[in-house]
Protein chains: 2
Amino acid sequence: MPSSLQNDTFLRACLSQPVPFTPVWLMRQAGRYLPEYRATRARAGSFMGLATNPDFATEVTLQPVDRYALDAAILFSDILTVPDAMGLRLGFAEGEGPRFERPVRDEAAVAKLAVPDMAKLRYVFDAVASIRRALASRLPLIGFSGSPWTLACYMVEGAGSDDYRLVKTMLYARPDLLHRILAVNAEAVALYLNAQIDAGAQAVMIFDSWGGVLADGAFQAFSLAYTERVLRGLKRDADGHRVPHIVFTKGGGPWLEAIGKLGADVVGVDWTVNLGQARPRVGDGIALQGNLDPNVLFAGPAIIRGEVAASLASFHAAPLSTRNGHVFNLGHGISQHTPPEHVSVLVDAVHELSRPYHVLPQA
Amino acid sequence: MPSSLQNDTFLRACLSQPVPFTPVWLMRQAGRYLPEYRATRARAGSFMGLATNPDFATEVTLQPVDRYALDAAILFSDILTVPDAMGLRLGFAEGEGPRFERPVRDEAAVAKLAVPDMAKLRYVFDAVASIRRALASRLPLIGFSGSPWTLACYMVEGAGSDDYRLVKTMLYARPDLLHRILAVNAEAVALYLNAQIDAGAQAVMIFDSWGGVLADGAFQAFSLAYTERVLRGLKRDADGHRVPHIVFTKGGGPWLEAIGKLGADVVGVDWTVNLGQARPRVGDGIALQGNLDPNVLFAGPAIIRGEVAASLASFHAAPLSTRNGHVFNLGHGISQHTPPEHVSVLVDAVHELSRPYHVLPQA
């Protein structure tokens, strides 16, 4: 681990090492709920204008860590950059979600699919390097990618979906085509994350945002197996330090035992998961990240503090010999409607209320 | 159990009694994937025109059981009839989902909320009686309601939601208001299901379609507790027979132990749940209903049969002393895009492939 960081609490927690307090960061912490983000976004002209410009990406990545006492920064980017580099042409229509102009739905499109030249994603690696310079040694920077399955959902559907009908039809009717997409994705994601590590990412997270929509059995074969392939391909940093791996499967509660065996250092969980019950399921030595319902942030300060206290108590109720290995986070991205001042309450409550759990003598 | 039924396999399976084959029905089996449904819907002029007319409701309820060898019929209705009767004014804009004109979002609206006069829902009970007459003794009829929590989601949001921000804000910020809504809903749902039983429903199902969006802890307090209240209020039929209770929580996998203790005869599960692992979790003597991914029906006949075989094998892999207590179903409503001929393949495969599990000598 880089020893020069002024605050390495997040990296230590990822590796289940002792920490003085529970570190906290928030999925989508650089985002629309912040007025300063909306101002930068307006200057950039479009979402992709923001995401593809390293200066803008640096600016918005730093905004939440300047405003709050967060323990990590996360690269501002989009999970669909990799399929965009494959030639699917990502677009964001105003008021809608992302959409690919050229979805991958038939044998011919699948046959043409290839691991993209990472040079096409240079804007991402430049952003990582720029953010590292801007952060100096204050905080660690998390890089990320969508999981092979989650990328495949968008690549086949062409956009978000309520029922994942197209990608699941391919899964059941033509599993060979889907396996080919996933194999390409796994190789591309490993290259992509390694290039982020080369550029300075100090932890990497795989967002399996749509893993939870799969049936038992299909999840293991079409999501987990390819996430594992990515993890096996990840490198250490230039100094030979392990770069912590975080895997977050939204709706992954049914499969925590299997996710815990993937080789990740940290398993992210959503709010349906009881942290204390999850710890023995992911296994000793694997950290947990999560899992407050983002909607808690719409309640007042006293309630936010109460929910933080309950979440910390739940984690520390587990019958394990260590109190380490918790990274506080939400169970999903923060809502764009969140009152910014409530985020301070959350972050400060995590730091204050977690200290008693960490000052007791180690067992 | 009514002994006069020509096919009581479904009711026997609900009560974990021996059956010659695994019964099957499909959530939303009367629906848009059937051309005969679309024809009736066109004659009715609107969805509510269809749902509120007992003759039309009878016609569409019978369509799938006339076409396929299904083992139960389910009342054609909507889960939002109860809040509509409370005065929230349900509407269906063309091409959109349901929407309430008068959502319940503040203290004043909550204070005004009351259990509706069941006379306003007479069209539902008339439909139940009419369907029973039309079915004669062929098959049992399932009545249903939304759960108190699921109804509250629509009542507060006013429509479907991606993030349940309004109802969850109420949950965290003003739990007193939400508890009051849920108490009214629980009383109304119990009256509603009892009136369906009086009219002839031979099993009743509670759809907790949105239970799975709740955080651990919140699910128990805001969904489970009120479903339990409904179940405690349910009556037997006019002949003193137990009317099987089915509780289906989409995304309820994390809480199967608690759901199994509710007092229901059958626990419905979605496709993320492994049936064999679920059996010891819900407890001996509680039947399971589910859980095929509806998207399997987009694949060809051989694959559908293979997935049916795998689902049956999964259920029967559980280390329990009984092979009873399985009602085959999908893990969610059938898609409107389903090829109707694939449903025959599914239904026939369940009957054929399940027989070997039921002819072995009982342990």
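How many bridges join strand β4 (residues 141–146) of chain B to strand β5 (residues 203–208) of chain B? Five, and the two strands run parallel.

Before the close-ups, two quick notes. Everything here is a predicted model, where local features need pLDDT of at least 70, side-chain atom pairs count only at pLDDT 80 or more, and totals for chains, interfaces and linings use all residues. Residues are numbered from 1 along each chain as its sequence is written, while chains are lettered from A and ligands numbered from 1 in the order in which they are written.

**View 1. Here is the open sheet of chain B.** Seven strands line up in the order β1-β4-β5-β6-β7-β8-β9, with parallel pairing. (Strands are DSSP runs of E with at least two residues, helices are runs of H or I with at least four, and both are numbered from the N terminus; two strands pair if DSSP finds at least two bridges between them.) At the edges sit β1 (73–74) and β9 (326–330) of chain B, each pairing on one side only.

View 2. One pair to spot is B:Leu292 with its bridge partner B:Leu330 in β9(B). Five of the five residues of β9(B) are buried, so this strand is largely enclosed by the rest of the structure. (Buried means 20 or more other C-beta atoms within 10 Å of a residue's own, exposed means 12 or fewer, and partly exposed is in between, with C-beta atoms placed from the backbone.) Both faces are covered: B:His326, B:Phe328 and B:Leu330 are on one side, B:Val327 and B:Asn329 on the other.

View 3. Ten of the ten residues of α8 (residues 148–157) of chain B are buried, so the helix is largely enclosed by the rest of the structure. Among them are B:Trp149, B:Tyr154 and B:Glu157. Just after α8(B), B:Gly158 takes a positive phi of about 90°.

**View 4. Over in chain A, helices α8 and α9 cross.** The axes of α8 (residues 148–157) of chain A and α9(A) come within 8 Å and cross at roughly 105°. (Axes are lines fitted to C-alpha atoms, for helices over the stretch in contact, and angles run from 0 to 180 degrees between N-to-C directions.) That makes α8(A) roughly perpendicular to α9(A). (Angles of 65 to 115 degrees count as roughly perpendicular, under 35 as roughly parallel, over 145 as roughly antiparallel and the rest as oblique.) The contact is made by A:Ala152, A:Cys153, A:Val156 and A:Glu157 of α8(A) with A:Leu166, A:Val167 and A:Met170 of α9(A). (Residues are in contact if their C-beta atoms, placed from the backbone, lie within 7 Å.)

**View 5. Finally, see where the two chains meet.** Here 25 residues of chain A are in contact with 26 residues of chain B. Helix α9 (residues 165–173) of chain A gives the largest share of the chain A side, five residues.

Terms used:
Two residues are in contact if their C-beta atoms, placed from the backbone, lie within 7 Å.
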